[in-house]
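This report walks through one protein model, from its overall make-up to a few of its parts. The sequence and structure come first, and the description follows.

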Amino acid sequence: MASPMTDPLLLFRQSIRTSSRIVPVASAESNDEVALSQATNLVFSDEGKRVVLPVDVQSRFMSSEGNLIDLRSIYFAWVNRDITIPEYNAAAEKLNEELAGGKGVHKFPFVERLNLIAWLEGAGEDTEYIKPLVGGDAGKGEEGGKVEKVGDDGGVKKERRGKGTLDPRLVQIYEGERRMGDRNSVLRGIKPTDFSHIRKLAAQFMTRKPTGGSGDIRSSTNISNNPSLALNQKPARRPDPIILLSPSASSLLRMSNAKAFLEGGRYTPPDHSTPPTMLAVSRIIKDMDPNRPIRFILVEGPENFRPEYWNRVVAVFTTGQTWQFKSYKWTNPVELFKHVQGVYLGWRGEQPPESVRAFGHKVLACSVEKWRDPGQPGAEQSRWRDREVVESIWKAIETNMRAKGWRKDAAPTSI
């Protein structure tokens with residue numbers, strides 16, 4: 001079996017970006033597509049090149065339990081990205097039965113699946129679930145195994161582990177990385193330094209008990225054993241904020257047109273095709289991070305939320321129908337909108353429903369021009385106010401986020 005000479009996640013993402021085929025096959029030499037339950041490899045074809053990866057190779061995606069997820073599970077989640085969570089779980093159980101005792105696919109929880117799909121689609125460069133790429137480990141196959149790699153000429157080169165070359169796309173990525181040293185390499189410079197006497201002094205200081213006073217406020221406990229004070233501790237990554245859309249068929253904003261409106265600033269009516277179950281939109285919030293856009297996750301329902309996910313909800317779009325809130329943490333809309341920014345989107349010239357006005361002042365009522373067929377005279381010119389409406393919505397969301405404690409590297413622990 002061939003071992004990958006390129007990072008599985010990067011190759012998967014690149015294939016999606018270029019709309020290249022990813023085909024499950026029964027053997028590394030085959031090109032005939034088979035059912036995933038019978039597949040041993042995935043074939044990636046990009047610009048005439050052929051790369052073969054085993055379906056059970058581990059990726060850099062790490063689950064909440066700390067397990068690295070295999071490529072079969074990544075592929076299965078991607079091809080089933082547009083189905084609901086219950087349908088996805090049922091399909092995963094069926095596939096695991098077909099694998100007949102073999103290693104089954106990982107069933108991604110809601111947020112894991114959401115982050116994976118968004119990352120594969122190119123919505124962001126970092127996610128809390130994907131381990132950083134380590135240049136020294138990338139491209140290594142199994143111990144002693146042969147590596148199958150596609151060369152620039154489209155041919156296949158077989159090389160021994162540790163003696164091959166990296167995929168050109170990875171080389172380009174590595175060359176752009178900023179090389180960092182650890183604290184030891186920075187301190188010692190170019191000459192070897194003996195830090196033993198420094199460590200002894202530090203140990204004496206950390207175990208010294210205070211003299212006098214009413215009691216020992218500093219015990220002999222070694223500070224280095226305290227994880228909250230550990231050196232080089234990596235700060236927790238801020239999770240992505242969540243926006244809930246209304247699942248009502250009468251809503252002007254649905255999953256099919258929300259991205260174009262909130263990110264592109266232009267309203268188009270929702271279509272009747274099968275919408276995705278989740279979306280990612282990006283927005284620069286200068287007060288939080290002027291250099292990097294914040295990724296917002298859009299979903300229509302919280303049925304698969306864990307309790308802590310509610311601390312990430314920053315806005316709820318509503319049509320005024322109270323059945324929307326039956327599965328929410330706060331089923332009473334008046335109570336809900338004390339914690340979360342509400343948004344009602346209607347047609348210009350029409351009054352919001354009485355129920356929306358009764359929800360309170362934390363529901364922003366805004367309106368867009370009625371949709372006209374683009375072929376009609378003046379239809380395109382009537383859409384110039386859309387961006388103004390979008391900016392007013394984002395302004396309300398951003399104001400509420402700041403008030404709740406969202407920062408560049410932190411999210412509120414409770415809303």
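The model is a predicted one.

**Overall make-up**

The protein holds 11 helices and 13 strands. Of its 415 residues, 42% are buried. Among contacts between residues at least 6 apart in sequence, 57% join residues at least 24 apart. The exposed surface comes to about 22,900 Å², and carbon and sulfur atoms supply 51% of that area.

**Helix H11**

Helix H11 covers residues 386-404. With 19 residues at 1.5 Å a residue, H11 should span 27 Å, and this agrees with its end C-alpha atoms, which are 27 Å apart. The buried residues in H11 include Val-389, Val-390, Ile-393, Trp-394, Ile-397 and Met-401. An α-helix has 3.6 residues a turn, so residues three or four places apart point the same way. Just after H11 comes Gly-405, whose phi is positive, at about 105 degrees.

Three strands form an open sheet in the order E1-E2-E3, and their pairing is antiparallel. Strands E1 (22-25) and E3 (49-54) are the edges, since each pairs on one side only. From one strand to the next the twist averages 25 degrees. Strand E2 (residues 41-46) pairs with E3 over six bridges, and Val-43 stands opposite Val-52 in E3.

Helix H1 (residues 8-17) lies across E1, E2 and E3, and runs at about 50 degrees to E2. Helix H2 also packs on the sheet, where it touches E1, E2 and E3, and its direction makes about 60 degrees with that of E2.

In the loop between H1 and E1 sits Ser-19. Its phi is near 55 degrees, a positive value in a residue other than glycine. Most residues other than glycine have a negative phi. Ser-19 counts as exposed because its relative accessibility is 66%, and the cut-off for exposed is over 50%.

How much of helix H2 (residues 71-79) is buried? Eight of its nine residues are, so H2 is largely enclosed by the rest of the structure. Among them are Leu-71, Ile-74, Tyr-75, Phe-76 and Trp-78. At the start of H2, a side-chain oxygen of Asp-70 comes to within 3.1 Å of the backbone nitrogen of Arg-72.

Asn-80 lies in the loop between H2 and helix H3 (85-98). Asn-80 is buried because its relative accessible area is 16%, and the cut-off for buried is under 20%. Not counting residues up to four places away in sequence, Asn-80 touches Tyr-88 and Arg-113.

Strand E12 (residues 341-347) is mostly covered, with six of its seven residues buried. Strands of a sheet pair through backbone hydrogen bonds, either parallel or antiparallel.

| Strand pair | Sense | Bridges |
|---|---|---|
| E11 (residues 313-317) and E12 | parallel | three bridges |
| E12 and E13 (residues 363-368) | parallel | six bridges |

Notes:
Residues are numbered from 1 along each chain as its sequence is written. This is a predicted model: local features need pLDDT of at least 70, side-chain atom pairs count only at pLDDT 80 or more; totals for chains, interfaces and linings use all residues. Side-chain values use heavy atoms; hydrogens and water are left out. Helices (H or I, at least four residues) and strands (E, at least two) are DSSP runs, numbered from the N terminus. The expected span of a helix is 1.5 Å times one less than its number of residues. Buried means under 20% relative accessible area, exposed over 50%, partly exposed in between (1.4 Å probe, protein chains only). A polar contact is a pair of N or O atoms within 3.5 Å; within protein, one must be able to donate a hydrogen and the other to accept it, and residues adjacent in sequence count only if both atoms are side-chain atoms. Contact means heavy atoms within 4.5 Å. Two strands pair if DSSP finds at least two bridges between them. Axes are lines fitted to C-alpha atoms, for helices over the stretch in contact, and angles run from 0 to 180 degrees between N-to-C directions. Accessible areas come from the Shrake-Rupley method with a 1.4 Å probe; for residues, only the protein chains shown count as cover.
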